[in-house]
Amino acid sequence: MPDDLIISGGGSTAVATDELYANAQMLARLARESAAMRSQVAAIDAAVGPGSWHGSLAGAPASAALAERDLDDLAQALDRVHLQAQLLQYSLVTVAEGYGLAERLADALVTGIASSAGSLVGRLLPGLLVSTAGGAIVLGTAAALVIGGRNLGELVGRDRGVSRGSSFARNNNGIVTNAATVSLIRAAATAVGGGALGALGLPPGLASAAPGALPFAARTIMAAGSRLGLLDETSVRLHSSHGVQAVAPPSGYAERLARVPGHSWSGGAQVVIERYSSASGPDRFEVYVSGTADFSPAAGPEPWDMTSNLANTAGPGSGSYDSVVEAMRLAGVEKDSPVQFTGYSQGGGTVARLAASGEFNTQGVLAFGGPTGQVPIPASVPAVLVEHMDDPVPALGGMQANHHALVVERDVFGGRDIPNQYAVPSHHREYYVQTAELMDEARSDQVRDGIEQLDRFTDGATLRSSRAYRFERVSETSTP
Amino acid sequence: MGRPEDLALVAALETQQRQLALLLARLHRARRELVPDPASQWRGPARRAHDAAVDTLAKTIDVAVTAAQSARERTGVALAQVRSRA
């Protein structure tokens, strides 16, 4: 259902809705509370009952003896409450574990089959792989191209919808905005990884199991694209920066997402960095990174482009990655400065890469709609990854392998009409804002603990500055 | 009410009555805050099983509430009777 949040990861193998987790946690509290009340009844009974210091109820009125009987009934009822609450809680946890097991089995099956198939294709027909891999890794967007978009920018729309796709794409967006299609895209992204290694001659079993298969595929695609003058990485430089109005640390998921800059209303800024001082340590930094602004495969002046998207998949060192690193340097981030990252779309993938690099003192990651699946965020870094089940963009990152991270999913349009103002509405920022608001209202400990941990980063800290940065690519023909 | 054992009994019954009042408030809070609502996201037999289990749990807490209320009332009656013995 559209407003259900599906929770997984966080070190657990279970998968369930926020409601199910909240109910299980409520029942666990009821079991503890009933046990405590049972002890209270025993203490009352001991003070007045037959075993008490005054020996017996001899001399007490009959009603005192009847009260004793009520206490016995109360004790038995509380024992039953304890048992029933525990049984129901165990049942709910078992359901969650069952979902988790089924999902892991399905993932393993799909990953194995897709990777092996990709590997076999790559081994037998490497030319075919190279010529089709680019299409495969962007299968979701390619599917939308088939239904009428002229370029990728038309498909997802930009920020608040400067471009919203051709009418044909918008009217047929159900093909892409579909959890089944998105699952296929995830499998395809995984298959491309196996395929690239298969092309090198690795047997299917080894190629599909190899870590880093997807990054390798991305590098292969970039190398192939480079021959056509596409997907060429460049260096970047600061275009401009300006101060941003902010008075207090962010609180909650939605407020964090709101601080991620959007190209159409942030003067083209792609990064916002807030600097906080605290009495008990070095200055700390909140870094917010925006989504893709230019969907052309040919690198132009905008570093938040498709070249960076692929380069982020390949590893650290994309135009967007390098821009954020430079913005952090300009903001005064030092090697040991505590840093927390929040990103949307490409920004999500970028912040995952920054955390994975190990080059920063990363204290937390929050990514909305980012292709983060195969980016190895260290287990020591608390991470919350938000993905729409009917959004193809996170699926382009392959199967989610960050099992320690809290993964929050939502099927935005499951069971309801898909609006036709965007070609890929489920990736659009306004729907991630909705999801963030639902997360702020969530009742499960997992989702609440996730934001408490992120918010704790700036507990007692004072905002010193907030600055937005805009970067541009430096082409060979650019003047310095 | 001059008998020493009656004085002790009154003190014990007063304590019991106070503690039962506290316990009753605790039970009401548990009934209000710690019993899940009927499932809104499930369907079919799983939903029926879940809702039946929640309903049983709520009724068991109601039984506990009734027993606690009765114990408190009867303790009050006993207290009044002991106090009236003079």
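Biologist: Which residue stands opposite A:F368 in strand 8 of chain A?

Modeller: A:V386 does. The model is predicted, with local features needing pLDDT of at least 70 and side-chain atom pairs pLDDT 80 or more, while totals for chains, interfaces and linings use all residues. Residues are numbered from 1 along each chain as its sequence is written, and chains are lettered from A in the order in which they are written.

Biologist: What makes strand 7 and strand 8 of chain A a pair?

Modeller: Pairing requires at least two bridges found by DSSP between two strands. Strand 7 (residues 361-368) and strand 8 (residues 383-388) of chain A have 4 bridges, in the parallel sense, so they pair under that definition. Strands themselves are DSSP runs of E, at least two residues; helices are runs of H or I, at least four, and both are numbered from the N terminus.

Biologist: Why are strand 2 and strand 3 of chain A said to stand at the edges?

Modeller: The open sheet of chain A has 10 strands in the order 2-1-9-8-7-6-5-4-10-3, with mixed pairing. Strand 2 (12-17) and strand 3 (235-243) of chain A each have a single partner strand, so one side of each lacks a neighbour in the sheet.

Biologist: How many residues does each chain bring to the contact between chain A and chain B?

Modeller: Chain A brings 36 residues and chain B 35 residues, where contact means C-beta atoms, placed from the backbone, within 7 Å. Helix 2 of chain A gives the most to the side of chain A that touches chain B, with 15 residues.

Definitions and conventions
Two residues are in contact if their C-beta atoms, placed from the backbone, lie within 7 Å.
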